Amino acid sequence: MDISANIIFGEIPEELTSLEALQTLNLSNNLLTGEIPFKDCLTRMTFLNHLNVSCNNLTGRIPESTQLQSFDQSSFVGNKLCGPPLIKACSASKVTPPTVEQDRGYDILDEKWFYVSLGLGFVVGFWTILGSFLVLAIEKMRIFLNRSSSSGHLVFQRLNRFLTFATIASSIGSCNGNLVVPACRESERQALLIFKQDLTDPSNRLSTWVSEEDADCCRWAGVVCDNSTGHIHELHLDSDWGDSNAFGGKLNPSLLNLTHLTRLNLRYNAFQGTQIPSFFGYLKSLTHLDLSQASFGGMIPESLSGLNYLESLILMGNEFRGEVPESLGNLCNLIELDLSVNNFNGNVSEFLERLSACGSHRIESLRLNSNNFSGHLTPQIGKLASLSLLDLGYNQFDGVLPESIGQLKRLTQLVIHHNSLQGVVSEVHFTHLTRLEQFEARGNSLTLETPRDWIPPFQLRGMFLDYWHLAPEFPMWLQTQRQLNFLSLSSTGISGTIPNWFWNSSSQLSYLNLSNNHLHGNIENISAEGLAVVDLSSNRFQGSLPLVSSTLDILDLSNSSFSGSVFHFFCDKIPHQLTRLYIGNNLLTGKIPDCFRNWEELVVLELENNNFSGNIPSSIGNLVWLRLLNLRNNNLSGELPLSMQNCSDLIVADLRGNALVGSLPSWIGKCLLKLKIFNVRLNNLRGAIPDELCNLKDLQILDLAHNNISGTLPRCFNNFSAMVDSSDLNGVVVPFEFAYGSVLQRNIDIMFLVTKGREAEYGNILGLLTSMDLSANTISGEIPEEITSLISLQNLNVSGNLLTGRIPSKIGYMGRLESLDLSMNELSGEIPASMTRMTFLSHLNLSYNNLTGRIPESTQLQSLDQSGFLGNELCGAPLIKNCSASNVIPPTVEQERGYDLLEDKWFYLSLGLGFMVGFWGIFGSLLVNLPWSSIFARLLNSIVIKLHAVIV
């Protein structure tokens with residue numbers, strides 16, 4: 001902070017010491033008086049490394065602290081100070097101890113009136129004597145100059161300057177008395193104390209608001225008083241954006257006692273949906289009301305329309321709903337109105353018509369964007385003659401764009417994007433828009449119809465006409481726009497080639513988007529040094545890739561017909577600043593050159609769906625900032641390069657559809673710990689799944705399908721935290737800090753995955769998806785019980801392997817599974833009854849295993865297709881085969897708890913016990929009773945003789 005060399009009077013204010021992070025403070029060459037204050041406060045400014053209070057009228061001892069004594073003595077010279085670091089010591093007689101009155105704080109009336117009286121007496125005495133002589137001297141000088149040459153006029157001018165300076169100096173001296181700031185009014189102080197009681201103040205920011213009798217509320221935090229009357233004029237109780245210690249609670253109507261309040265600022269607070277208090281409408285002196293992003297809600301009270309002096313009303317970023325009161329249009333003194341980012345709805349035509357009926361037409365800034373406003377735009381909007389900013393974006397306005405827009409001569413920024421406007425826009429709409437600099441109108445169905453030789457009256461800096469209908473040829477009037485920085489004409493239907501004059505005049509462009517059109521031809525280079533973002537994707541360009549400027553940041557040439565080698569593109573030996581490169585879905589061929597040393601800033605590299613061959617170059621390890629690598633559907637071969645372990649920031653690795661060989665490297669689980677998506681589907685990888693892979697706790701999508709993976713399933717899969725707890729998923733796969741706001745709308749999170757038996761494209765929801773596909777390999781062994789811990793997994797496919805054993809009994813605990821495919825393995829046993837819990841399941845394939853028994857009964861399982869159960873010994877719905885009571889035991893209540901080994905052992909134990917009782921019950925009786933044994937023996941002999949006779 002540097003406020004040196006001004007005319008600042010009074011003492012150093014105590015509030016200054018609250019800036020504890022201040023590093024430099026320069027108060028030199030002013031008229032400051034009193035002691036260096038706050039012996040306990042100033043010493044807390046431990047970050048202060050430069051202090052200069054020299055050349056003032058400060059007195060007393062320099063407060064003792066290691067911090068202040070470490071400064072050079074030049075920081076304190078030109079005052080009446082003593083003590084280190086100055087050589088001058090402080091004697092007891094020269095240092096006046098603070099009195100009781102001083103302890104209560106400095107009173108300006110005690111000292112200032114002496115200097116004021118002295119100065120006023122001096123001025124009166126001085127000018128009484130000198131003024132008389134000057135009047136006579138000037139009159140004689142005037143007479144003399146009338147007779148002399150032009151040199152005399154120079155003398156007169158110099159004298160006049162001296163008198164002017166003397167007059168200014170005397171004015172400063174005579175105004176010293178006005179610096180006496182009266183204390184705040186008692187009624188207003190009490191009103192603030194009452195207001196404080198209902199506020200929640202987690203960080204105690206209002207600690208200065210105390211009830212002591214001598215407390216001056218004009219010195220309280222957030223309070224600004226009028227210097228002459230002491231009335232409170234401004235109240236600033238705003239917080240920092242996102243501050244967890246923001247103000248909240250209730251708003252007490254005691255503020256009505258602040259009858260001179262002109263500014264009320266409650267920005268960035270947390271009032272939890274509270275409606276704007278109706279008493280705000282009775283703060284009649286208000287000129288500025290800022291409630292932005294303060295968590296207000298409900299309807300806007302009609303009483304606000306009574307604030308006749310209001311010039312600025314900012315309500316953006318709250319939870320307001322309903323229609324805007326038409327009576328707000330009666331606030332004819334409004335200069336700024338911001339209702340953006342709320343839930344307002346309805347038609348605003350009546351409100352705008354009332355506003356336009358104001359005779360003053362003072363409003364300069366009108367923001368209604370990001371609401372649910374609908375209906376037609378009234379032509380009366382053209383009467384708001386002072387408008388410089390009009391933002392109606394992200395609403396549901398329909399109909400035509402009024403031609404009266406062209407009457408807003410002061411308009412510099414017009415935003416109407418993402419509405420439902422239709423119809424024709426002609427040169428009439430721009431007739432008087434000579435000051436227009438920003439025109440954002442994308443996302444409408446408007447048609448621009450202007451003469452071919454039209455010369456716009458404006459010089460735009462930004463134009464966004466995406467999804468408009470432009471003439472088929474490239475707009476010729478763009479030649480006249482020599483200050484254009486941002487140009488977006490995506491999906492406008494323009495065709496033909498990009499003319500040479502456009503590239504020659506694009507030196508001022510920083511953002512260019514011509515995507516999704518019908519442009520064709522070759523592009524030799526994109527060399528404009530100012531260009532940072534270029535999006536030419538989804539066109540019909542041919543030939544080789546163009547050479548690009550080394551300062552380019554984002555380049556998208558995907559979905560076109562570029563062809564040939566990319567050696568010249570990557571290997572120009574110039575270090576590039578490019579962070580995102582999209583050249584997928586073209587006809588590019590040859591090897592990916594080993595030249596990534598010149599592209600070390602890359603964060604996204606997408607080369608998918610081309611005809612690249614050869615190995616992945618080892619220089620890819622130079623891309624240490626890489627987050628997304630997409631090489632899918634090429635003809636790449638060889639092993640994954642060891643240098644790739646340097647890409648420790650990698651989040652997405654999509655390598656599917658190539659001819660990669662070798663085993664899955666263990667370093668993936670050691671070095672690429674940020675991986676969320678790992679897809680090597682349709683390659684020739686072999687070997688077992690390394691246990692180190694389980695270290696990838698953020699992994700959401702693992703696709704190893706259609707390789708030669710062998711071995712068993714690791715038991716550590718339960719370490720995949722993102723598949724266990726979905727609360728960690730934020731919907732963003734690859735986060736980026738967009739340096740260009742929202743101008744780049746391309747979705748970089750697109751992937752093809754096989755789920756529910758079919759391949760589908762996932763875009764915006766990819767970051768919320770969890771999937772594991774290990775199908776079509778040679779994995780053997782049992783399915784480990786640990787896999788059932790992945791309770792947030794949505795897709796599991798291990799079909800087409802050599803898995804044996806039973807389906808894990810707790811598989812039903814995977815309640816979020818939508819697709820489960822265990823088909824074409826060697827699984828046996830019954831279907832676990834716990835699967836009846838899987839209410840999200842919409843695709844189940846257990847076909848062609850060795851499963852037996854009844855299909856558990858539940859609405860979910862019986863609603864699935866019967867093809868998912870074929871090739872087993874199963875019965876029951878949805879299969880046609882019924883389960884007979886003689887050969888199928890229906891699952892009991894105990895079975896629903898899962899298989900228990902003890903149940904089978906009790907069955908065999910009971911069988912043995914029954915045999916023993918039956919055997920010894922008969923045989924034992926015969927041994928004890930001999931007559932019965934003789935009779936039983938004769939009976940058996942007769943039966944044997946008869947059977948022998950029958951058989952023989």
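How much accessible surface does the protein chain have, and what share of that surface belongs to carbon and sulfur atoms? In this predicted model, the accessible surface of the protein chain comes to about 46,200 Å², of which 55% belongs to carbon and sulfur atoms. Of the 952 residues in the chain, 47% are buried, and the secondary structure comprises 13 helices and 60 strands. Among contacts with a separation of 6 or more, 54% are made by residues 24 or more positions apart.

- Cysteine 184 lies in the loop between α4 (150-174) and α5 (186-197), whereas cysteine 217 lies in the loop between β7 (199-200) and β8 (223-225), so the pair ties together parts that are 33 residues apart in sequence. Cysteine 184 and cysteine 217 are both buried.
- Cysteine 571 and cysteine 595 form a disulfide in which the sulfur atoms are 1.9 Å apart, and the torsion of about 95 degrees about the S-S bond makes this disulfide right-handed. The loop between α8 (567-570) and β38 (580-582) holds cysteine 571, and the loop between β39 (587-591) and β40 (604-606) holds cysteine 595, so parts that are 24 residues apart in sequence are tied together. Cysteine 571 is buried, as is cysteine 595.
- Cysteine 694 and cysteine 716 form a disulfide, with 2.0 Å between their sulfur atoms, and the torsion about the S-S bond is about 65 degrees, so this disulfide is right-handed. Cysteine 694 is placed in the loop between β47 (686-688) and β48 (701-703) and cysteine 716 in the loop between β49 and α10, so the pair links parts that are 22 residues apart in sequence. Both cysteine 694 and cysteine 716 are buried.
- Two further cysteines can be described by their accessibility: cysteine 647 counts as buried at 1% relative accessibility, while cysteine 671, at 24%, counts as partly exposed.

**Salt bridges**

- A search of the whole structure finds 14 salt bridges, among them the contact between the side chains of glutamate 326 and arginine 354, at 3.9 Å from N to O. Glutamate 326 lies in the loop between β16 (319-322) and β17 (336-338) and arginine 354 in helix α6 (residues 349-356), so the pair ties together parts that are 28 residues apart in sequence. Glutamate 326 counts as partly exposed at 38% relative accessibility, and arginine 354 likewise counts as partly exposed, at 30%.
- The side chains of glutamate 786 and arginine 715 meet in a salt bridge of 3.1 Å, N to O. Glutamate 786 lies in the loop between β53 (780-782) and β54 (795-797), and arginine 715 lies in the loop between β49 (708-710) and α10 (721-724), so the pair connects parts that are 71 residues apart in sequence. Glutamate 786 counts as partly exposed at 24% relative accessibility, whereas arginine 715 counts as exposed at 54%.
- Arginine 854 and glutamate 857 meet through their side chains in a salt bridge of 3.9 Å, N to O, and glutamate 857 is exposed, with a relative accessible area of 62%.
- Asp238, Arg267 and Asp290 are linked in a network of salt bridges.

**Strands and sheets**

- Strand β22 (residues 396-399) has a covered face with Phe397 and Gly399 and an uncovered face with Gln396 and Asp398.
- Strand β20 (residues 372-376) runs parallel to β22 and is joined to it by 3 bridges, with histidine 376 standing opposite aspartate 398 in β22. Strand β24 (residues 420-425) also runs parallel to β22, with 2 bridges joining the two strands, and glycine 399 stands opposite leucine 421 in β24.

Notes. Residues numbered from 1 in each chain as written. Predicted model: local features only at pLDDT ≥ 70, side-chain atom pairs only at ≥ 80, totals over all residues. Heavy atoms only, no water. Salt bridge = Lys/Arg side-chain N within 4 Å of Asp/Glu carboxyl O. Helix = DSSP H or I, 4+ residues; strand = E, 2+ residues; numbered from the N terminus. Buried < 20%, exposed > 50% of the residue type's maximum accessible area, 1.4 Å probe, protein only. Pairing = 2+ DSSP bridges. Contact = heavy atoms within 4.5 Å. Areas by Shrake-Rupley, 256 points an atom, 1.4 Å probe, with all protein chains shown as cover. Disulfide = S-S within 2.5 Å.
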